[in-house]
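This report covers strands, nonpolar cores and salt bridges. The sequence and structure come first.

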Amino acid sequence: MNIHEYQAKEVLAKYGVAVLKGGVAWSPDEAEAIAAALGTPISVVKAQIHAGGRGKGRFLDDASGKGGVRLARSPAEAKAAAEAMIGKVLVTAQTGPAGKKVQRVYVEAGCDIARELYLGLLVDRAVGRVAIMASTEGGMEIEEVAARHPEKILRTHVDPASGLQPFHGRKLAYGLGLSGAQVKSFTAFVLALWRAFVELDCAIVEINPLVVTGTGEVVALDAKVNFDDNGLFRHPEIAALRDESEMDPKELEAARHDLSYVALDGNIGCMVNGAGLAMATMDIIKLYGGEPANFLDVGGGATKERVTAAFKIILSDPNVEGILVNIFGGIMRCDVIAEGVVAAAREVSLSVPLVVRLEGTNVALGKQILAGSGLPIVSADNLADAAAKVVKAVKEVA
């Protein structure tokens, strides 16, 4: 689960992470009032959307070319900046061409920036530890730095038994070229960030840029925090920060039914049980010349109602021109899947090709239910057969 920058800073500040003063504004007048209350010569007005690259982004129908991060030298300028952002659509490299509508802005105090750095924590599943990455190239996308200047990325892994220790912070600080009081400030910053990461079940925490001020303080100028959905039951206060307006409506509906769904750009909808099988299904669709429209895992213990909901979510995507249902019945029974597919197909008046591959528990009964439904459902013998049939059916319709 993602949260906005201002929410991330409020959360991290409770753990002692150094952030600048600021406030969220839902209107230009609120932005003006916050800038006046900050009392600093310069404030920064930032569009709040769940996407990076806001400063380099552009607003639709705005010929000024200004992005979603703007300096304001007076409360009046802060108001004007907010007025130019709130209610407008911001397009960045991460939003896609459709962009995202800005509903609020964050007005933050300016600061004396001496250096811009990068700092990130994430779970490295290859080694089963949290990795801390730091770079002198603050303000740049870390992927771009990795591609162009991999030698400028410092990495250290933290043993979960001992946790982060001060020497980890000092090692990174020296690698970044910090000295004197800067090392102490950086080490305290990293330790505070580590506590937040572990205690809140985070998946990613990214501070970019992390700035060193003229007085040697280390402060988070931006903050991106992503939480592990599987740990949210332990943190209702974090779950309450979810901004449903930033979510794809289909993904939001899937979450309400405890379905794992991710919308993609293809035209073949997929309904599968098991994340690994779902990935394999998407891969084989591409192998046979098609493009998957989604990732959807109904889980191992789905009910007929959840299967029906999953089917409806897939069909709510106007780009879907065919559907592949691929089920291996272990805990999940094939007859339950079949009943859900038939019920959903009848309810939504199925109008696209549907290929179903069932294998496992009660497979014979499941196939019997599909065959007796009277619906134009194509049965497949195996995964390759299913992929070939759905891709062929979609192309024929097109």
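Setting aside neighbours within four places in sequence, F227 is in contact (heavy atoms within 4.5 Å) with M1, I3, L200, D201, C202, A203, L232 and I238. The model is a predicted one: local features need pLDDT of at least 70 and side-chain atom pairs pLDDT 80 or more, while totals for chains, interfaces and linings use all residues. Residues are numbered from 1 along each chain as its sequence is written, and side-chain values use heavy atoms, with hydrogens and water left out.

F227 is among the residues with the most contacts inside the largest nonpolar core, which has 40 residues. Such a core is a set of buried Ala, Val, Leu, Ile, Met, Phe, Trp, Tyr and Cys residues joined through side-chain atoms within 4.5 Å; buried means under 20% relative accessible area, exposed over 50%, and partly exposed in between (1.4 Å probe, protein chains only). Elements that each supply at least two residues of this core include α1 (5-13), α6 (181-199) and β13 (224-227). Helices (H or I, at least four residues) and strands (E, at least two) are DSSP runs, numbered from the N terminus. The largest share of the core, nine residues, comes from α6. A second, separate core of 32 residues includes M271, V298, V341 and L354.

## Strand β15

M271 belongs to one face of β15 together with G269, while I268, C270 and V272 lie on the other, and all of these are buried. Strand β15 (residues 268-272) runs parallel to β17 (residues 322-329), joined by five bridges; two strands pair if DSSP finds at least two bridges between them.

## Salt bridges

The whole structure holds 21 salt bridges, each a side-chain nitrogen of Lys or Arg within 4 Å of a carboxyl oxygen of Asp or Glu. One of them joins E5 and R54 (3.0 Å, N to O). Because E5 lies in helix α1 and R54 in the loop between β2 (43-47) and β3, this pair ties together parts 49 residues apart in sequence. E5 is buried at 4% relative accessibility, and R54 at 8%.

E108 and K9 form another salt bridge (2.5 Å, N to O). E108 is in strand β7 (residues 105-109) and K9 in helix α1, so the link spans 99 residues in sequence. Relative accessibility is 1% for E108 and 2% for K9. A network of salt bridges links E5, K9, K46, R54, E108 and D222.
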